[in-house]
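Hi,

Here is the structure I promised to pass on to you. My notes follow below it, so please have a look at both when you have a moment.

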Amino acid sequence: MAHLLGAEALHLEFPTKVVFDRVSLGIDEGDRIGVVGRNGDGKSSLLAMLAGRLQPDSGRVTVRGGVRVGVLDQSDTLDDAMTVRQAVVGDRPEHDWAGDARTREVIAGLLGDLAWDGPIAGLSGGQRRRVSLAALLVGDDDVIFLDEPTNHLDVEAIAWLADHIKRRWPASQGGLLVVTHDRWFLDEVCNTTWEVHDRIVEPFEGGYAAYILQRVERDRQAAVIEQRRQNLARKELAWLRRGAPARTSKPKFRIDAANVLIADVPEIRDATELRSLAVSRLGKDVVDLLDAAVSYDGREVLHPVEWRIAPGERTGILGVNGAGKSTLLGLVAGDVEPTAGRVKRGKTVKVATLTQRLDELEEHLDDPVRVVISRLRTTYTFGSGSKAQELTPGQLLESMGFQSAQLSTPVKDLSGGQKRRLQLLLILLEQPNVLILDEPTNDLDTDMLAAIEDLLDSWPGTLLVVSHDRYFIERVTDQQYAILDGHLRHLPGGVDEYLRLRARSLSERASTGSGTGRAVDAGPPASTSPSLSGAELRAAQKEVAALERRLEKLESQIGAARTALADHDQSDYVGLGVEMARITDLEKERDGVEERWFELTEQIG
């Protein structure tokens with residue numbers, strides 16, 4: 001393959017730190033490279049040097065003659081005085097850009113819900129990010145550098161971007177270098193991974209899952225010092241290998257080698273134990289939304305919702321911006337009152353919310369980190385029984401990536417990612433039994449995300465997560481729901497089912513000319529006519545009716561089983577285990593029935 005760009009003996013240092021020392025690497029045609037590493041280790045600096053925007057102290061970067069390089073900055077560089085059209089296609093005449101298939105695809109995929117001649121100044125952060133991406137992707141660059149491209153993008157836009165990149169830069173064309181903490185995106189797009197650490201850049205073959213396998217193997221062979229980091233990586237590998245959604249059919253890494261490395265790694269969460277603890281902490285009732293609806297200015301934002309949240313439930317909430325996710329969480333937390341229906345809340349429920357703001361830290365800005373933590377509790381217990389661990393504030397902070405020297409640092413001097421971690425710890429120290437996480441992955445690197453996921457694995461309570469980070473949602477929750485056109489819908493098929501439903505909805509709106517929405521290339525449009533006919537159609541319709549009756553019965557059985565579990569003698573652990581296993585079996589059956597119902601209704605049309 002032809003060489004596109006190379007770096008030789010790069011050395012870079014800042015007044016207090018050597019960032020890179022004699023780093024040599026290259027990008028060839030067909031390379032789609034993901035760059036990972038801890039915050040502050042130099043990922044963005046590496047990208048800037050390779051793009052020619054930052055000069056190394058020594059060494060050089062060479063670009064093959066004629067190769068065009070495009071860059072998406074992490075910061076917002078758009079001119080507020082421009083319109084969307086000017087920012088994306090400049091002064092190109094309409095017949096020129098409108099006649100170009102790639103430009104039309106990019107505009108439809110990223111900007112379908114924006115006013116083409118509207119001003120940049122009025123756009124939100126996510127909308128501005130999509131405009132910047134579109135401006136880059138309509139160009140003819142041979143190599144593109146993306147610095148945190150998924151920041152502010154929702155699940156649909158990220159899925160569209162991944163699909164576009166794979167089709168545009170196949171195995172033999174162009175080059176891509178992407179710095180991101182979005183592990184799903186890395187695994188979906190990249191065929192090579194570079195890990196930035198300890199002043200070097202270490203290459204690994206394959207995407208994120210393959211990188212985790214090779215890193216665990218490297219750590220094992222080197223009998224590494226970083227024992228905790230190694231154990232977290234092995235735990236993540238176990239999840240990726242055993243049951244990560246939509247990954248089991250992908251040959252991302254050597255199966256035999258992975259199985260050997262995770263042979264002694266237990267399941268990531270002990271669901272039975274966590275549910276038992278959740279029931280003992282929460283009792284029979286958590287939060288029930290009973291035909292609860294919310295209207296603003298006469299418009300119903302959230303249609304009547306019937307949702308009974310159980311002790312120990314771990315649920316991810318999906319939906320486009322403005323769909324009503326915050327309204328739904330507000331109902332659960334008690335911050336929003338329903339305009340119809342009611343919300344029933346258990347007497348022992350203590351809800352805490354990790355918001356996108358950092359309000360919890362405002363009153364502590366001048367205090368050292370150690371002092372802020374120690375004011376709340378002297379110790380914190382993780383897990384239970386023989387697995388229970390008592391951690392001091394210092395140990396707790398170190399488990400979240402704070403070094404000893406940082407424990408004396410005032411809160412105001414922490415980085416964005418450090419503040420985010422401290423915010424989560426402050427919330428957990430309040431010992432809530434219902435935890436709501438609203439975009440919790442902002443500003444965190446992949447290693448720190450793994451540490452937070454590990455922390456949540458031993459947290460015994462009800463967990464609700466809203467996030468555009470698909471990997472995180474699939475990793476920490478056991479089921480997903482979506483808000484679609486104001487209705488809450490269960491997704492037995494997870495994020496993939498959500499993307500199919502959104503694509504079908506957008507296709508139907510486009511065909512009728514009603515509504516707005518972003519066109520997402522998440523698959524072929526759903527057929528508007530039945531794919532079955534005659535006897536097959538009648539048989540399918542009959543089966544759908546039977547499935548609906550079965551679903552109604554299963555929901556009733558699950559509700560009764562949960563009530564029985566809450567009423568069960570809490571000291572009878574054997575009996576509790578039997579009851580929880582029964583609930584799990586019923587839920588699995590319900591999900592299977594719902595998935596079959598979904599398949600048939602797709603065919604019937």
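This is a predicted model: local features need pLDDT of at least 70, side-chain atom pairs count only at pLDDT 80 or more; totals for chains, interfaces and linings use all residues.

Residues are numbered from 1 along each chain as its sequence is written, and side-chain values use heavy atoms, with hydrogens and water left out.

**The hairpins**

Strands here are DSSP runs of E with at least two residues, and helices are runs of H or I with at least four, numbered from the N terminus. Two strands count as paired if DSSP finds at least two bridges between them. Strand 8 and strand 9 form a hairpin with 2 residues between them, and D198 in the turn has a positive phi of about 50°.

The hairpin of strand 19 and strand 20 also has 2 residues between the strands, and there D485 takes a positive phi near 50°. Strand 19 (residues 479-484) and strand 20 run antiparallel, joined by 4 bridges, with Y481 partnered by H490 in strand 20.

**The helices**

Helix 6 (residues 155-168) has 14 residues and reaches 20 Å from its first C-alpha to its last, close to the 20 Å expected at 1.5 Å a residue (the expected span is 1.5 Å times one less than the number of residues). At its start, a side-chain oxygen of D154 reaches to within 3.2 Å of the backbone nitrogen of E156. Because 11 of its 14 residues are buried, helix 6 is largely enclosed by the rest of the structure; buried means under 20% relative accessible area with a 1.4 Å probe, protein chains only. Among the buried residues of helix 6 are W160, H164 and R168.

How do helix 4 and helix 6 lie, roughly parallel or roughly antiparallel? The axes of helix 4 (residues 101-111) and helix 6 come within 10 Å and cross at roughly 165°, the axes being lines fitted to C-alpha atoms over the stretch in contact, with angles from 0 to 180 degrees between N-to-C directions. The two helices are therefore roughly antiparallel to each other, a term used for angles over 145 degrees.

Two further helices are worth a look. In helix 1 (residues 43-50), 7 of the 8 residues are buried, so helix 1 is largely enclosed by the rest of the structure; K43 is one of the buried residues. Just after helix 1, G52 takes a positive phi of about 80°. Helix 12 (residues 325-333) is likewise largely enclosed, because 7 of its 9 residues are buried, including K325 and T327. Just after helix 12, G334 has a positive phi of about 90°.

Best wishes

How values were computed
Buried means under 20% relative accessible area, exposed over 50%, partly exposed in between (1.4 Å probe, protein chains only). A polar contact is a pair of N or O atoms within 3.5 Å; within protein, one must be able to donate a hydrogen and the other to accept it, and residues adjacent in sequence count only if both atoms are side-chain atoms. Angles under 35 degrees count as roughly parallel, over 145 as roughly antiparallel, 65 to 115 as roughly perpendicular and the rest as oblique.
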